[in-house]
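Biologist: I have a structure open and would like to go through it with you. Can you put it up, and then we start with the terms?

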Amino acid sequence: MYIDLIVIIVLLALVIFYFRRFSNFVYAFAIIDIFLRILNFIENNVKVPELQKLISKYFPDSIEALIYHYTDGILTTILLWVYVVIFAIFLGYVFKIFIKRRK
């Protein structure tokens with residue numbers, strides 16, 4: 001079913017409509033992906049069947065896993081490059097903040 005895709009799209013849409021800045025979208029994108037990866041780690045390492053079912057039913061492993069799951073061929077390649085570019089921009093924002101705080 002498409003529950004995992006709907007959850008991610010709704011979260012990103014809320015960020016876009018609420019904040020309306022590209023930098024906030026990039027931060028939200030990275031936060032959601034990191035959160036999904038943490039949930040995936042918990043699902044794989046905490047052996048509680050109810051928790052594992054809940055996490056695997058409603059949350060994908062990462063945004064990258066969503067791209068692979070719902071797309072195919074050249075669209076997958078394009079979306080993965082967009083994914084990498086967004087994370088490169090995120091890294092630039094984090095690096096800029098790190099340098100500013102160092103002074």
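Modeller: Buried means under 20% relative accessible area, exposed means over 50%, and partly exposed is in between, with a 1.4 Å probe and protein chains only. This is a predicted model, in which local features need pLDDT of at least 70, side-chain atom pairs count only at pLDDT 80 or more, and totals for chains, interfaces and linings use all residues. Residues are numbered from 1 along each chain as its sequence is written, and side-chain values use heavy atoms, with hydrogens and water left out.

Biologist: Is Thr71 buried or exposed?

Modeller: Thr71 counts as buried because its relative accessibility is 17%.

Biologist: Where does Thr71 sit?

Modeller: In the loop between α4 and α5. Helices here are DSSP runs of H or I with at least four residues, strands are runs of E with at least two, and both are numbered from the N terminus.

Biologist: What does the side chain of Thr71 reach?

Modeller: The backbone oxygen of Ile67, at 2.4 Å. The side chains of Thr71 and Thr76 are also joined by a polar contact of 2.7 Å. A polar contact is a pair of N or O atoms within 3.5 Å; within protein, one must be able to donate a hydrogen and the other to accept it, and residues adjacent in sequence count only if both atoms are side-chain atoms.

Biologist: And what does Thr71 touch, setting aside residues up to four places away?

Modeller: Thr76 and Leu79. Contact means heavy atoms within 4.5 Å.

Biologist: Back to α4. Which of its residues are buried?

Modeller: Helix α4 covers residues 63-70, and its buried residues are Ile63, Leu66 and Ile67. Seen down the axis of α4, they fall within an arc of 100°, so they line one face of the helix. The arc is that of the directions from the helix axis to the C-beta atoms.

Biologist: Why would residues three or four places apart point the same way?

Modeller: An α-helix has 3.6 residues a turn, so residues at that spacing point the same way.

Biologist: What caps the N-terminal end of α4?

Modeller: Ser62 does, with a side-chain oxygen 3.4 Å from the backbone nitrogen of Glu64.

Biologist: Zooming out, how many helices and strands are there?

Modeller: Five helices and zero strands. The C-alpha trace spans about 50 × 35 × 25 Å along its principal axes. Of the 103 residues, 27% count as buried.

Biologist: Which members of the largest nonpolar core touch the most others?

Modeller: That core has 15 residues, and Ile8, Leu12, Phe29, Ile32 and Ile63 touch the most other members. At least two residues each come from α1 (3-19), α2 (22-45), α4 and α5 (74-102). The most come from α2, which gives six. A nonpolar core is a set of buried Ala, Val, Leu, Ile, Met, Phe, Trp, Tyr and Cys residues joined through side-chain atoms within 4.5 Å.

Biologist: What does Phe29 touch?

Modeller: Leaving out residues up to four places away in sequence, Phe29 touches Leu12, Ile63, Tyr83, Ile86 and Phe87.

Biologist: Now the pocket. What is the volume of the largest one?

Modeller: About 260 Å³. Its lining has 15 residues, and Leu12, Phe29, Ile63, Ile67 and Leu79 lie nearest its centre. On a 1 Å grid over the protein atoms alone, a pocket is an open set of points with protein on both sides within 12 Å along at least five of seven lines, a cavity is a set where a 1.4 Å probe fits but cannot get out, and lining residues have an atom within 4 Å of a point. Grid points are joined across faces, edges and corners, and a volume is the space filled by probe spheres set on the points.

Biologist: How many cavities of 30 Å³ or more does a search find?

Modeller: One. The largest cavity is lined by Val7, Ile8, Leu11, Ile32, Phe35, Leu36 and Phe59. The elements giving two or more residues to that lining are α1 and α2.

Biologist: Last topic, α3. Is Ile55 buried or exposed?

Modeller: Ile55, in helix α3 (residues 49-58), counts as buried at 4% relative accessibility. Beyond its neighbours within four places in sequence, Ile55 is in contact with Leu39, Ile42 and Glu43.

Biologist: And Leu54?

Modeller: Leu54 is in helix α3 too, and at 44% relative accessibility it counts as partly exposed.
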